[in-house]
Amino acid sequence: MLKIILISVAIFLFLNLLFFLFAPPFIIYRILLVRTKPDKWQRKCSDTKDTEQVTMFAEGEKWGEKYSDRREEVSIESAGFKLSAWYFDFGCDRAAIVIAGRSESCLYSCYFAEPYRKMGYNLLLLDNRCHGLSEGKYNNTGFTEYVDILAWARFLHDQKKNKSVLCHGICMGAAAALYAMVDSGCPDYMAGLVADGMFTTFRDSFRNHLVKDRHMTFPTTQIVMALIKKHSGADAFHDGPIQRIQNFKKPILFLYSREDRFSLPHEAERLYEKCTAPKKIVWFDKGVHSHIRINNTEKYDEAICDFIRSEMA
């Protein structure tokens with residue numbers, strides 16, 4: 001009888017250990033990368049407890065309202081999904097696409113639009129796949145979303161008659177834009193990329209998140225990367241911008257903060273060094289991940305304007 005009790009206790013403890021190790025990664029994946037209900041990742045502030053995020057969203061919303069007479073709700077179909085965006089027509093012959101990161105919508109992207117308007121660009125501000133009014137369920141960290149960027153670029157060129165398209169990507173948005181612009185189907189009129197906080201691989205960025213939040217990196221990283229592969233077909237563990245950047249040929253501006261704990265400075269330097277395209281990197285002393293501009297607005301905007309003057313003329 002004692003032997004049976006001990007075996008039962010051992011099995012119970014073993015099953016609890018398995019649950020403790022393997023359940024959290026699936027929960028984290030669903031929280032971070034799956035639109036589990038229709039009102040998730042809508043056109044609203046993604047973190048009302050973060051004062052900088054609230055300010056960025058409010059200022060972006062204000063910018064969108066200021067130019068509402070220039071704004072049009074537009075949509076396309078890509079990979080079977082209906083995608084939505086705001087298009088601001090300022091009467092220019094070129095356009096910039098602002099591609100936000102995870103959990104953000106076109107309202108958030110308005111916050112980054114002003115330097116492009118100032119430099120003579122029309123603006124396309126996206127609801128990424130499974131965000132805002134766009135359809136979709138899984139965020140595949142750019143591995144599948146890059147085809148949406150190519151489709152939006154064609155829309156800007158073919159339907160809105162823009163002669164060239166410049167991309168501005170934040171975090172995952174930067175990765176998606178990079179994947180689009182190294183694809184064999186990328187058109188010549190996609191002219192360049194401004195990359196704010198681009199990660200080397202999502203694996204590295206995700207692991208850095210876990211370390212910051214004091215979560216176990218194993219087996220969480222491995223399971224989440226496997227789930228991304230399941231839904232995207234891409235090897236998220238061994239593929240990313242650091243593997244593809246050498247194929248990038250257009251001018252690129254890298255924007256990084258030394259306070260970024262997700263796209264770490266030494267990782268950013270590796271990515272920059274591997275890039276052989278016309279390139280520039282601008283460092284900022286303040287700003288957590290994706291929050292560079294709010295801490296350094298004048299320098300941030302001027303870096304973009306200088307890049308456009310020197311590379312997009």
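These are my notebook entries on a few spots in a predicted model.

**Ground rules.** I number residues from 1 along each chain as its sequence is written, and my side-chain values use heavy atoms, with hydrogens and water left out. The model is predicted, so local features need pLDDT of at least 70 and side-chain atom pairs count only at pLDDT 80 or more, while totals for chains, interfaces and linings use all residues.

**Entry 1: Ser 105.** I looked up where Ser 105 sits. Ser 105 is in the loop between β3 (94-99) and α3 (106-109). Helices (H or I, at least four residues) and strands (E, at least two) are DSSP runs, numbered from the N terminus. Is Ser 105 buried or exposed? Ser 105 is buried, because its relative accessible area is 1%. Buried means under 20%, exposed over 50%, partly exposed in between (1.4 Å probe, protein chains only). Leaving aside residues up to four places away in sequence, I found that Ser 105 touches Gln 42, Arg 43, Lys 44, Leu 126, Asp 127 and Gly 132. Contact means heavy atoms within 4.5 Å.

**Entry 2: His 209.** I moved on to helix α7 (residues 202-212), which holds His 209. His 209 is partly exposed, since its relative accessible area is 27%. I then checked the side chain of His 209, which reaches the backbone oxygen of Ser 205 at 2.9 Å. Last, I compared His 209 with Glu 311, 102 residues apart along the chain. Their C-alpha atoms are separated by 34 Å.

Key
Polar contact = N/O pair within 3.5 Å; in protein donor to acceptor, adjacent residues only side chain to side chain.
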